[in-house]
Structure formats: C-alpha cells, structure tokens
Amino acid sequence: MGDGSTGGFTTRQVHAGTRAPAASPRALPIHLTAGFTFDSFDDAASHFGSGDGFGYTRTGNPTVTAVEDKLASLEGGAQALLLASGQAAVAVALLGLVSAGQHVVSSTHIYEGTRGLLLDNLSRFGVTVDFVDDIGDPAAWRAAIRPTTRVLFAESIANARNDVLDIAAVAAVGEEHGIPLIIDNTFATPYLLRPIAHGAAVVVHSASKFLAGQGAVLGGVIVDSGRFDGGRDGALFPQLTEPPRGGGPSLWERHGGSARIAYLRESIAPRFGPTPSPLNAFFIGQGIETLSLRVQRQSENALALARWLEAHPAIASVDYAGLASHPTYDTARRYLQDGYGSVFAFTLRDGLPAARTVVESVQVFTHMTHLGDVRSLVLHPASTSHSHRTEDERLALGVHPGTLRVSIGIEDVADLRADLSRALDAVTAAPRTVEHERVA
Ligand SMILES: Cc1ncc(COP(=O)(O)O)c(C=O)c1O
C-alpha cells in the first residue's frame with residue numbers, strides 16, 4: 001500500500017497519514033500503540049527469539065523504557081521495570097522471588113494492600129508470611145528467617161508511625177542468608193533516600209504518589225540493584241539459574257547480576273499482565289522532572305507543621321520522624337539528610353469526635369485516600385485504611401481513634417497552618433465528648 005495515499009476511501013482512512021514525519025521532540029514522545037511494525041521477516045523472528053527491540057507494548061514500549069531508565073538512575077539501580085500500579089510492583093517483585101511452600105518475612109508496618117496481598121492472596125498459592133513488629137531490631141528479623149524464606153520486605157518510612165528503617169542493618173541480616181531485601185520506598189522517594197546504596201536488593205514504589213506528583217495517574221516501579229549472585233545464591237532461586245523450559249542458557253547466564261529483574265521483565269510482568277499505559281508512563285516521567293523541588297518543599301512544610309502541631313494544646317502526639325521526640329529520629333537523621341518527607345500522623349486529645357471535626361472543617365486540605373500529591377491531603381486511618389485491623393492491631397501501629405494522617409503538599413505553609421488552626425479551633429469550640437471512642 002506504499003505511503004497509504006492510494007486505494008478506496010475506507011482503505012485510505014485506515015492507512016493514509018499514519019507515518020509521522022521525522023522530528024526531534026523535546027518532551028518524551030508518547031508511543032501510544034499496542035505494538036510496533038517489524039522492518040522485515042527476519043526482524044520479527046529475531047525479536048521473538050531474543051526479545052530485543054519492540055514488538056508489543058506488554059513486553060516493551062519506548063516511552064515506558066525511557067521512564068524506567070530515569071528511575072533506575074535516580075534510585076542508583078541497574079534496571080527498572082514500570083508497572084500499572086504500586087500494588088502491581090509489589091506483587092510482581094514478590095512473584096519473581098517466592099514459590100509455593102516458601103516464606104516471606106515482612107515488617108508489620110506496611111501498606112494495608114501489601115499486607116492483604118501476603119495474607120489473603122499469596123497465601124492461596126502456598127506462600128506463608130511472618131511479620132516483624134520491632135523492625136528496628138535486626139535480631140527480630142534474624143529470628144523470623146526459616147530455611148524456606150526467600151524475601152525480607154519493609155518500607156523505608158512506614159505508615160502510620162513514620163518509623164524510619166535501618167535499611168543497612170536489615171539488608172545485612174538478609175545477606176547472611178542470601179535473601180534479598182525489598183524496600184517499598186514510596187514515602188521517601190529516591191530524592192530523600194536510595195535504599196540500594198544501603199544494601200537493599202530491590203526497591204518498589206507506588207509511582208502514583210510522589211513520582212507522578214499530580215494525583216492524576218497510577219503507576220508502580222521495581223528497581224533492582226543488579227547485584228544478584230547466581231554463583232552464591234542460585235540454589236535458593238532456581239528460576240534464575242536453571243535452563244528455561246525450552247532449554248538454552250539460564251537468566252543468570254544471560255543477564256548476570258540483573259537476572260532477577262530480567263525474570264520479572266521477561267516472564268512475570270508480561271504473563272501476569274499489569275502493563276502500564278504509555279500515556280501514564282509519560283505523566284510519571286513528567287512528574288519526576290520536578291520531584292526534588294516538590295519533595296524539598298513538602299518536607300519543609302511538613303516539618304514546620306509537625307513542630308507547630310506538637311506544641312498545640314489540642315494535640316496529644318505527632319508521629320513525624322523529623323521531630324526529636326520520634327523514636328526513630330536518630331535513624332532518620334542518618335538516612336534522610338535532605339528532609340524527612342511529607343506524610344505523618346497526629347493524634348487529637350479529644351479522640352474520634354475531634355478527628356471528625358478536623359476532617360469536616362479543613363478547607364485547604366483535601367479529604368481523600370492518597371498521598372504524595374502537590375495538594376495537602378487528610379485521612380482518618382482508623383475508619384478507612386486501617387478499618388479491617390483489630391483495635392489492638394491499630395493501637396500497635398499508632399492508629400488511635402483520634403489519629404489523622406496528612407500528606408503535606410507544596411502550598412504556602414501559612415495557609416496550611418491557618419487551615420489546621422481553624423479546624424482545631426472548631427474542636428476546642430465543640431462540646432467535649434468521649435462517646436463513639438471505638439472505631440468499628
Ligand atoms: C507504601 C505504599 N505502597 C504501595 C501502594 C500501592 O500503590 P498503588 O495505589 O499505586 O497501587 C501504596 C498505596 O497507597 C502505598 O502507600
């Protein structure tokens with residue numbers, strides 16, 4: 001059909017004008033296409049044989065690749081894999097490492113979706129999990145490891161108590177057994193903390209949060225250190241070191257230290273299928289271009305507000321790692337040298353009714369379940385994100401009836417303080433009540 005300008009009306013409406021003229025766009029081009037044409041018969045065979053080049057967006061897309069390269073660079077990893085959501089990133093990272101009959105050791109202080117994945121979903125495939133409560137104690141991690149353990153999992157800054165993990169100490173425990181540490185670095189972002197430099201093997205993110213930054217799209221990413229050692233740890237991960245089903249060299253032989261992420265890219269992600277849209281990849285790439293500026297500003301705003309809240313008479317406690325009163329303040333100072341992040345929790349003296357009043361009184365803060373947005377956000381964890389936990393579990397996690405979680409945005413801090421001040425005045429003005437203290 002040549003350039004597509006010949007043929008009948010219907011043929012031309014499909015084929016004419018589909019070749020964009022060559023140009024050098026400054027912004028990342030959005031390759032919004034299900035697949036890519038092959039230049040030749042041999043080109044197609046070679047793509048299916050080696051996986052090189054682009055054939056179908058589920059197995060690779062240039063817009064997605066560009067964003068992956070950006071994230072691998074920022075996290076100081078060897079390679080990255082972009083996925084449709086943060087939840088997909090966590091699931092794919094775990095599916096690449098654990099098989100039926102094997103075991104995960106995880107921090108208790110993790111995102112509820114990850115906890116549910118381990119307890120309700122992976123359990124159905126014969127994967128068991130043990131949770132470590134005292135995540136600051138390497139001995140507690142060591143004690144939870146079994147011969148079948150294949151992953152240690154934790155968050156760099158944990159929701160809701162804001163505990164900062166001593167990544168090097170936990171990674172070292174994993175190293176003793178050849179077990180990789182996966183760090184969910186969503187709350188810290190690579191601007192504030194790069195877990196791979198501290199010994200983590202794999203980093204995951206909900207890119208829907210700070211990386212995208214605008215709250216417009218979902219995405220997730222896995223970044224691998226590239227330090228897999230098949231010679232030393234291959235027996236634990238035969239999927240990486242044994243020949244594939246059809247014979248030929250193993251992933252370890254083909255990709256060396258990057259065998260782990262090659263397995264996710266070639267086998268787990270395309271088969272389970274949580275492919276990111278190239279359009280969403282573009283938005284995430286755009287967001288990352290301003291990451292440091294946003295996170296710096298958000299961290300400054302958060303620290304100012306946390307200090308102000310801590311001194312406010314209506315507030316019982318503030319869980320922010322940037323405050324000297326926080327149990328992991330010393331760890332935070334070691335790991336977070338450019339700011340302490342934007343998400344923290346505070347607890348109102350007057351409990352649930354006061355929390356309700358604040359949520360219903362704020363005007364600049366947005367009431368929603370999200371974080372890492374340019375806008376400031378507020379949520380009542382006990383009745384929302386943590387409502388499926390028992391009351392005792394919630395208390396252990398620092399989630400009280402009067403606890404609110406905030407994600408501080410880039411707005412002028414004076415406006416945020418005035419908004420909270422107005423809401424706290426409404427608490428003081430309301431008649432004091434302790435009824436409905438228990439959250440269902
Ligand atoms: C720490 C953390 N990890 C993972 C996720 C899941 O990410 P997503 O919502 O992009 O699937 C979230 C979502 O809130 C999160 O907070």
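**Group meeting: a sheet and some salt bridges**

What I would like to begin with is an open sheet of five strands, in the order β8-β9-β12-β11-β10 and with mixed pairing, where two strands count as paired if DSSP finds at least two bridges between them. Strands here are DSSP runs of E with at least two residues, helices are runs of H or I with at least four, and both are numbered from the N terminus. The edges of this sheet are β8 (315–319) and β10 (366–367), each of which pairs on one side only.

Before I go on, please keep in mind that this is a predicted model, in which local features need pLDDT of at least 70 and side-chain atom pairs count only at pLDDT 80 or more, while totals for chains, interfaces and linings use all residues. Residues are numbered from 1 along each chain as its sequence is written, and side-chain values use heavy atoms, with hydrogens and water left out.

Let me turn to the side chains. How many salt bridges does a search of the whole structure find? There are 15, each being a side-chain nitrogen of Lys or Arg within 4 Å of a carboxyl oxygen of Asp or Glu.

One of them joins R265 and E68, at 3.2 Å from N to O. Because R265 lies in helix α12 (residues 259–272) and E68 in helix α3 (residues 62–75), this pair ties together parts that are 197 residues apart in sequence. R265 is partly exposed, with a relative accessible area of 26%, whereas E68, at 5%, is buried; buried means under 20%, exposed over 50%, and partly exposed in between, with a 1.4 Å probe and protein chains only.

Another salt bridge links R146 with D130, their closest N and O atoms lying 2.6 Å apart. R146 sits in the loop between α6 (138–144) and β4 (149–155), and D130 in strand β3 (residues 128–132).

Finally, E175, R232 and D233 are linked in a network of salt bridges, within which D233 and R232 meet at 2.7 Å, N to O.
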